[in-house]
Amino acid sequence: MTITIITAMIMGTGGTAMDDFLLRGLLAGIGLALVTGPLGCVIVWRRMAYFGDTLSHSALLGVALGFLTGIGTQTGIVLVCLAIALALTLLQEQRRLGSDTLLGIISHSTLSLGMIALAVLGSVRVDLLSYLFGDILAVGDADLYAIWGGGALVLALLAWIWRPLLALTVDEDLARVEGVPVRRVRLGFTLMIAIIIALAMKIVGILLVTALLIIPAAAARRFAKGPEGMAVMSALIGVGAVVAGLGASLQVDVPTGPAIVAAAAALFLVSQAVPARG
Amino acid sequence: MTVPPLLEARNISLTRGDRTVLDNVSLSVGRGEIVTLIGPNGAGKTSLVKLCLGLVKPDKGLVIQAPGLNIGYMPQRLAVDVTLPMPVARFLSLWSRSTRAEMLSVLGEVGVEHAIDRAIQTLSGGELQRVLLARALLRKPDLLVLDEPVQAVDVHGQIELFELIGTIRNRRGCGVLLVSHDLHLVMARTDTVICLNRHVCCHGKPEDVSRHPEYVALFGRHADALAIYHHSHDHSHADDGCVVPAGQEHTGHGDHHGCGHDHHHHHGHDHGHGGHRHG
């Protein structure tokens, strides 16, 4: 199945129009997986899977905001994600309701509000499905630059705060004692998740973004002895899932976003058969 | 000539809402001094430690650290998520840049050099506490702050750990601020005891504190257990050079302890106050 892909890669931009969009899709997916791998590891370590899910669901509201204000969908998504993260932090400090309940409330209400807003806007209604599940084969050159540029930015930021982020993942109190600027590191990490959701929406859609974050990371756990090894492994497994999913969707004509997630899930299952290393 | 203390808290008061957490509390820790903070749960011990570390600001009073004071902090516990692969060496390198040789040397000092490549989640309670102690020591601290360092360690391990803390103080000459509610094991190695119950009930040398009426009122049930331990202020050496932990050569039970540790456990059961232990 990967032969089609490889052919497309070899032919490069000199190929036919069909090969062009395949190549763009593949490059976009790989670029995304290289970032979601390491970032997803931190989400798994910090038990933030539902936090990521909630942010990605609120992205639809960001799309609507982007259309309404003309600031663009990706900027809209990043802004809404940051606002939701802030609201969530404030609500959690109240300690009236459990985090899971708060996440559930915000996740589904923002998703509904986003759908309503897009329906009211009317003209973009047809695109709803591609926002929810992504459309990797509709990736344009601009999207590709955004993914690789934004992805490189996020990876650089992640590398920059890697040690303090690991320190506060290990123990927040200890990190605070050792002078780690806990609030700033957490804010930086939230910003990275927001950017990645904005970038990933086009590839796998907002309903499946979290899958690309946590499944490769979970699969990588069994092969890793240290945090850095797990991050690299997770990125590689994500790339594998993108290649396999894209290939499979071409072979049997199924939606690409779900095919990528299903491929990641298959790799996760395979990883469970491998004995753990530590 | 008086040497200024490493750390001094002067007339500290702290309130949270309408609750008084600490009321006019003072303490000081000097170089080479072991100060033990004891008190029941909710006495404000952890709040006082956070104040001393500069994490919390007092409502009244002052915390004065010696200029350039380097504090090595050992937390009560550390629960690293199992999804995070974290060998001990990587864990240590998160906090200070040190070479493997430096790590091995410090891990050796606390007796767990064998654990350097093990995943931190697979360590026993005692091994983890020693790794946490090694982490604090890697900073070459002037002052060690140990918050309930013997939780999740059996009585035998607790005695060894207190022994180790005393040895480290002697070798490095650093000050030690120790928090504990498990008082009878701690007392013998301590220079100064501060008995805290929101205010300072009493403070002084261990044997003075253990006779103080407020102390007896607070810990009456366990005060007799103390008598067993406060005879001796240092370890002694058995004929073969093996260290005998302080206070155990005269247990008052008629037991004789050499290097074997077979008998230690029953102290814990006799005097253990299980209700407090994991508070």
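In which sense do strand β1 and β4 of chain B pair, and over how many bridges? Strand β1(B), residues 7-16, pairs with β4(B) in the antiparallel sense over five bridges. The model is a predicted one. Within this pairing, A9(B) is opposite V63(B) of β4(B).

The two strands belong to an open sheet of three strands in chain B, with the order β2-β1-β4 and antiparallel pairing. β2(B) and β4(B) are at the edges and have a single partner strand each, so one side of each lacks a neighbour in the sheet. On average, neighbouring strands are turned by 20 degrees against each other, direction ignored. Helix α1 of chain B lies across β1, β2 and β4 of that chain and runs at about 125 degrees to β1(B).

| Element | Residues |
|---|---|
| β1(B) | 7-16 |
| β2(B) | 19-29 |
| β4(B) | 60-65 |
| α1(B) | 45-53 |

In chain A, helix α5 covers residues 99-121. Its 23 residues reach 32 Å from the first C-alpha to the last, close to the 33 Å expected at 1.5 Å a residue. The buried residues of α5(A) are L103(A), I106(A), T110(A), L111(A), G114(A) and L118(A). An α-helix has 3.6 residues a turn, so residues three or four places apart point the same way. The buried residues of α5(A) pack against α3, α4 and α6 of chain A. Just after α5(A), G122(A) has a positive phi of about 70 degrees.

The contact between the chains takes 21 residues from chain A and 17 residues from chain B. The chain B side has 14 nonpolar, one polar and two charged residues.

How values were computed:
Residues numbered from 1 in each chain as written. Chains lettered and ligands numbered in written order. Predicted model: local features only at pLDDT ≥ 70, side-chain atom pairs only at ≥ 80, totals over all residues. Contact = placed C-beta atoms within 7 Å. Nonpolar A, V, L, I, M, F, W, Y, C, P; charged D, E, K, R; others polar. Helix = DSSP H or I, 4+ residues; strand = E, 2+ residues; numbered from the N terminus. Expected span 1.5 Å × (residues − 1). Buried ≥ 20, exposed ≤ 12 C-beta atoms within 10 Å, placed from the backbone. Pairing = 2+ DSSP bridges. Axes fitted to C-alpha atoms, helices over the stretch in contact; angles between N-to-C directions.
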